[in-house]
Amino acid sequence: MNQEVKVEPVASDFIRDIVEADRESNKHGGRVITRFPPEPNGYLHIGHAKSICLNFGIARDFGGRCHLRFDDTNPETEDVEYVQSIMEDVRWLGFDWGEHLYYASDYYGKLYAYAEALIQKGRAYVCGLGQDEFKEYRGVPSMPGKEPPRRNTPPAENLDMFRRMRAGEFNENQYVLRARIDMASPNIHMRDPVIYRIRKCPHHRAGTAWCVYPMYDFAHCLSDAIEGITHSICTLEFEVHRPLYDWILDQLEVPCHPQQIEFARLNLSYTVMSKRRLLELVRNGLVTGWDDPRLPTIGGLRRRGYTPSVIREFCRRIGVTKFGSLTDVALLEHCLRDELNRTAPRAMAVMDPVRLVIDNFPEDRVDLLDAVNNPEDPADGTRQVPFCRALYIEREDFMEEPPKGFFRMSPGREVRLRYGYIVQCTGVDRDPATGDIRAIHATYDPATRGGNTPDGRKIKGTIHWVSARHATGIEVRLYDRLFMLEDPNDVPDGQDYKQFLNPKSLEVIHAMVEPVLAEAAAGQRFQFERKGYFFADPVDSKPGQPVYNQIVPLRDAWAKRQGRG
RNA sequence: UGCCCGAUGGUGUAACGGUAGCACAACAGACUCUGAAUCUGUUUGUCUAGGUUCAAAUCCUAGUCGGGCAACCA
């Protein structure tokens with residue numbers, strides 16, 4: 001296991017209960033072996049993280065192991081590019097498969113032999129029905145299917161045909177190998193499912209060694225058995241496949257018979273999780289790529305500034321059930337704030353700057369003021385922040401005619417400049433043409449250096465600032481939810497989910513920041529005081545010129561109150 | 001329509017026949033050199049109808065609602 005992985009206690013769930021009971025009854029000789037079996041045809045997202053945490057977490061908690069197995073049985077859609085990114089993402093999440101890296105494609109030889117064994121038992125046959133006929137013979141859920149013509153062909157003939165399939169004598173789609181189960185089964189998956197098809201397509205690992213490829217249902221259960229998996233955990237849509245999973249293993253002489261257990265996949269509010277939709281957003285340029293910080297992909301979350309531990313904590317909190325739920329993204333954001341509050345150093349950045357001139361502060365004087373890096377972590381120490389006559393403050397922190405309850409800066413009132421001085425606003429300069437505020441004027445109280453009030457007077461408002469002379473302008477990207485609809489998978493009739501993309505999901509601004517932020521290295525996280533948590537983008541930052549991605553804003557009771565008013 | 005699965009506050013989850021609890025969210029207050037954090041408090045729940053039982057969120061039956069399944073995808 002990766003050093004970084006903390007062993008967080010995980011409350012039990014129905015799957016852990018099963019594993020625990022099996023271990024106590026010595027069902028699998030007390031062993032616990034799980035696997036995470038992605039198909040290398042797309043990038044991982046936070047839904048996969050749930051599965052990864054579950055499978056690797058169970059292995060860790062029960063002293064077992066978890067395999068990483070690429071379920072690469074479809075050469076047409078898979079690619080090594082995905083293999084690489086999936087391994088990177090799993091490692092980044094903090095999990096380690098050790099020696100146990102496997103590929104279903106490495107079992108092609110064994111799987112082929114199992115298929116021949118099934119034929120020899122009279123439990124599989126080569127079928128030459130065309131796609132339309134195939135459907136017709138299969139029937140529909142409410143009506144039984146009927147026997148395909150070759151269903152009762154003797155094993156020897158099927159064996160010969162299957163070998164010829166393998167030898168490349170037939171065209172794609174000309175023949176398939178089918179399990180011989182029950183054409184009248186109420187479960188469609190048991191109506192003689194296809195277990196091998198012909199594909200004259202090179203495989204990203206096996207090359208051109210094969211022109212017959214096993215189907216998921218055949219390959220998956222056998223791969224599990226070959227690896228000695230004890231608990232084969234998958235999502236709910238495979239529930240109806242379980243009888244087939246068990247049937248295949250029961251027909252063949254396999255090393256063990258793993259137990260398939262299904263759980264509900266993760267759905268997150270205001271985003272989409274399906275491969276198809278994610279791909280559509282990327283292909284149509286609606287996001288900048290697979291690692292767009294607005295996407296729930298692992299790459300996107302990493303780029304946004306999420307940490308592996310936040311994702312793990314989130315997965316721990318959502319639990320595991322068989323109920324198809326929609327998890328509120330607010331829970332994810334809570335996990336983020338909870339961790340970042342403890343770990344992120346603070347700094348000041350003014351996102352929408354307006355000039356503040358301290359009229360009684362000497363023109364050429366520079367005060368270096370001590371500022372606490374992280375009030376939640378005294379070990380993080382202090383830094384010095386330069387203070388001058390001309391500063392920038394947040395435009396929204398000044399109101400000429402403040403409403404009730406506003407306690408920032410307004411004419412005649414005192415406000416604290418964080419770690420600076422108590423200042424009193426004396427007036428504003430306006431653009432004579434537009435009436436816009438060009439600068440705010442104030443006087444400072446020299447006795448309040450550091451923001452202290454030796455006379456004990458209470459100052460309600462504290463605002464952040466930067467010294468105009470020492471500030472650096474940098475790019476900051478503010479993110480909001482990708483969709484305006486809580487559940488983009490459930491759009492009103494006749495409408496497309498893409499219509500509900502949030503046009504304001506990305507806003508690029510130029511902020512004025514204090515020196516520590518301008519000097520930061522890519523990959524560093526900060527809390528911009530009173531604003532939110534930000535991450536120096538590892539891709540676009542340059543030395544001395546970081547670009548910040550907003551990870552998550554701070555909660556804002558004032559904004560909420562305004563929104564309500 | 002056939003089969004499979006599910007249903008506990010707004011959301012996510014616990015309670016494994018014996019006091020419906022936790023977290024997020026929301027709301028109110030305290031505190032505060034971040035309108036953050038922290039602390040305190042409040043609101044809101046067992047899908048319906050029968051049955052079994054001293055006792056049902058839990059077991060049984062039926063219904064309702066929701067999800068899944070009819071790729072030579074996984």
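Ala, Val, Leu, Ile, Met, Phe, Trp, Tyr, Cys and Pro are counted here as nonpolar, Asp, Glu, Lys and Arg as charged, and the others, Gly among them, as polar. On this basis, the surface near RNA strand B in the predicted model comprises 25 nonpolar, 18 polar and 25 charged residues. RNA strand B is surrounded by 68 residues, of which Arg 346, Arg 408, Arg 416, Gly 450 and Lys 560 are the closest.

At least two residues each are supplied by helix 5 (131–138), strand 6 (194–198), helix 11 (308–318), helix 12 (329–343) and helix 14 (557–564). Helix 14 provides the largest share, with five residues.

Polar contacts to RNA strand B involve both base and sugar or linking atoms. A base oxygen lies 3.1 Å from a polar side-chain atom of Asn 173. For Arg 199, a polar side-chain atom is placed 2.8 Å from a sugar or linking oxygen, and for Ser 325 the separation between a side-chain N or O atom and a sugar or linking oxygen is 3.4 Å.

Arg 346, one of the closest residues to the RNA, is located in strand 10 (residues 346–347). Arg 346 is buried but forms no salt bridge, the nearest side chain of opposite charge being that of Glu 376, 5.0 Å away. The side chain of Arg 346 instead reaches the backbone oxygen of Asn 341 at 2.5 Å. Beyond four places in sequence, Arg 346 touches residues including Asn 373, Asn 374, Pro 375, Arg 383, Gln 527 and Glu 529.

Definitions and conventions. Residues are numbered from 1 along each chain as its sequence is written. Chains are lettered from A and ligands numbered from 1 in the order in which they are written. This is a predicted model: local features need pLDDT of at least 70, side-chain atom pairs count only at pLDDT 80 or more; totals for chains, interfaces and linings use all residues. Side-chain values use heavy atoms; hydrogens and water are left out. A residue is near a molecule or strand if one of its heavy atoms lies within 4 Å of it. A polar contact is a pair of N or O atoms within 3.5 Å; within protein, one must be able to donate a hydrogen and the other to accept it, and residues adjacent in sequence count only if both atoms are side-chain atoms. Helices (H or I, at least four residues) and strands (E, at least two) are DSSP runs, numbered from the N terminus. Buried means under 20% relative accessible area, exposed over 50%, partly exposed in between (1.4 Å probe, protein chains only). Lys and Arg count as positive and Asp and Glu as negative; His and the chain ends are not counted. A salt bridge is a side-chain nitrogen of Lys or Arg within 4 Å of a carboxyl oxygen of Asp or Glu. Contact means heavy atoms within 4.5 Å.
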